[in-house]
Amino acid sequence: MSSIMNGLNWFFNLPAAVSMMVGIFLIALFLGRLKIMNAFKCALYVGTGVVGMNTMIGMFASAASPVLSRVIESSNFKFSMIDIGTGSLSILNYHFSYFSIFLAGTLVINLLLIAVKFTDTFNIDICNWGMYSIPAVVVYHFSGENLLFAFLTFFIVEAVTLKIADITAPKIAETFDLEGVSIPHGSVAIFAPIGFLVNSIVERIPFLSKIDISREAIEKRFSGLIDPSTLGFVIGIILGIVAKLPVADIASFAITLTAFMLLFPKCIHFFAEGTLPIVDGMREFSEKRLKRKLYIGLDAAILIGMPDVISAGLLLVPIILVLAIILPGNKFLPMADLAIAAPFLVSMCVPYCKGNIFRGVLSGVIVFTIALYVCTITAPMYTEVANALGAGYGEGVIGNSLGIGANPLYLLLYKVFGLFY
């Protein structure tokens, strides 16, 4: 048993690109039915895409965080809870005794749910499997180390996320031309219904339904002078001015956002080129052997480079800061995750908005109103668990992550299981 645990720990502690390459190679070989060299090539392209996307996200975050910090500091508003980044919650997993077993269980549960026809998504997003276990760690702690409650939490989160991925896959394929792909991302999928609801409501309100701030409408009105790259540049200039940066720093920040919007889609191209042969192989295999169609589950990062998503995300950044200030009862300051969480959490709402950035931003307002309140409620819980596990956030710090800790499903499960202990 110890040898198995050591093996699992070794694999899941590999760098994200490496573990992703190994997983993709095996999936391409055995489920995609590709030849060894073709499977290896797919793994290389996916690994390259992962490195590229992580590099671009890191570049974007490192450039945006200092700017946003200056905007926040200039506001002079005080908050008792702070966003200290995804690592603040991810670290809970690594101090959890059963993490490797739960992580391996992600695959077992996924295969079981496919077998009983509960889901049609096969999740190969190995890097984000750990998101399903974070709420399990919290329930495990507060329930007096009740492993059954922890496992049930883990199971419910994965099952709900996979089902949402199934439901949203056709709309994602229609909007982004990602046929055969679904997004079972633990932090993002839960917000997809908001995009559907917002679009349905807007369609029924005459003056709102006529507002068209789509990429196509903008490019048509301004004769091609405005596209996602120039929008990124303009937003960079505006945020730089609000942050009172020197002129040179404003220009540098603006060109960094432009670079992100131009280069990120190139990274997605490598990721897609590596996964599409596997999608085709899995489709053929599943239709022939299982008599059904399966989706391949990918990271929501593949949506971030889509112009409509990143445009809505950039516009939401200052709006989220305003929401944090004006929402009554909010005590949580979005900071470390703000730049990335803005496009990430709204990414699965956008497909339902018909390319209309206005509707995407409107969806985002609702998403982040919910997110801020959830983070306010759960921050003390995560902080207590972190302190108990010896992974504290620092003396007097009550921390959370806007990118992970904003999930309302996690909060619901904490409340439900809390009735039994």
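Colleague: How close do the axes of helix α8 and α16 come, and at what angle do they cross?

Modeller: First, the basis. This is a predicted model, in which local features need pLDDT of at least 70 and side-chain atom pairs count only at pLDDT 80 or more, while totals for chains, interfaces and linings use all residues. Residues are numbered from 1 along each chain as its sequence is written, and side-chain values use heavy atoms, with hydrogens and water left out. Helices (H or I, at least four residues) and strands (E, at least two) are DSSP runs numbered from the N terminus. An axis is a line fitted to C-alpha atoms, for helices over the stretch in contact, and angles run from 0 to 180 degrees between N-to-C directions. Here the axes of α8 (residues 192–203) and α16 come within 9 Å and cross at roughly 130°.

Colleague: Which word describes how α8 and α16 lie to each other, and what is the hand of the crossing?

Modeller: Angles under 35 degrees are roughly parallel, over 145 roughly antiparallel, 65 to 115 roughly perpendicular, and the rest oblique. α8 and α16 are therefore oblique to each other. A crossing is left-handed if the near helix is turned anticlockwise from the far one by less than a right angle, and right-handed if clockwise; α8 passes α16 in a right-handed crossing.

Colleague: Which residues make that contact?

Modeller: Contact means heavy atoms within 4.5 Å. From α8 come Ile194, Gly195, Val198, Asn199, Val202 and Glu203, and from α16 Arg359, Leu362, Ser363, Ile366, Val367 and Ile370. Sorted by class, the contact of α8 with α16 has seven nonpolar, three polar and two charged residues. Nonpolar covers Ala, Val, Leu, Ile, Met, Phe, Trp, Tyr, Cys and Pro, charged covers Asp, Glu, Lys and Arg, and the others, Gly among them, are polar. As a general idea, an α-helix has 3.6 residues a turn, so residues three or four places apart point the same way.

Colleague: Is Ser363 buried or exposed, and what does it touch?

Modeller: Buried means under 20% relative accessible area, exposed over 50%, and partly exposed in between (1.4 Å probe, protein chains only). Ser363 has a relative accessible area of 0%, so it is buried. Leaving out residues up to four places away in sequence, Ser363 touches Ile194, Gly195, Val198, Cys349 and Cys353.

Colleague: How do α16 and α17 cross?

Modeller: The axes of α16 (residues 357–388) and α17 (residues 408–418) come within 10 Å and cross at roughly 50°. That makes α16 oblique to α17, and the crossing of these two is left-handed. On the α16 side, Ile370, Val374, Ile377, Thr378, Met381 and Tyr382 meet Pro408, Tyr410, Leu411 and Tyr414 in α17. This contact has nine nonpolar, one polar and no charged residues.

Colleague: What does Leu92 touch?

Modeller: Leu92 is in helix α4 (residues 87–94). At 0% relative accessibility, Leu92 counts as buried. Residues up to four places away in sequence aside, Leu92 touches Val137, Tyr382, Val385, Ala386, Leu389 and Tyr393.

Colleague: How many residues of α15 are buried?

Modeller: In helix α15 (residues 338–346), nine of its nine residues are buried. Among them are Leu338, Phe344 and Val346.

Colleague: How many helices and strands does the chain have, and what share of its residues is buried?

Modeller: The chain has 17 helices and six strands, and buried residues make up 55% of its 421 residues.
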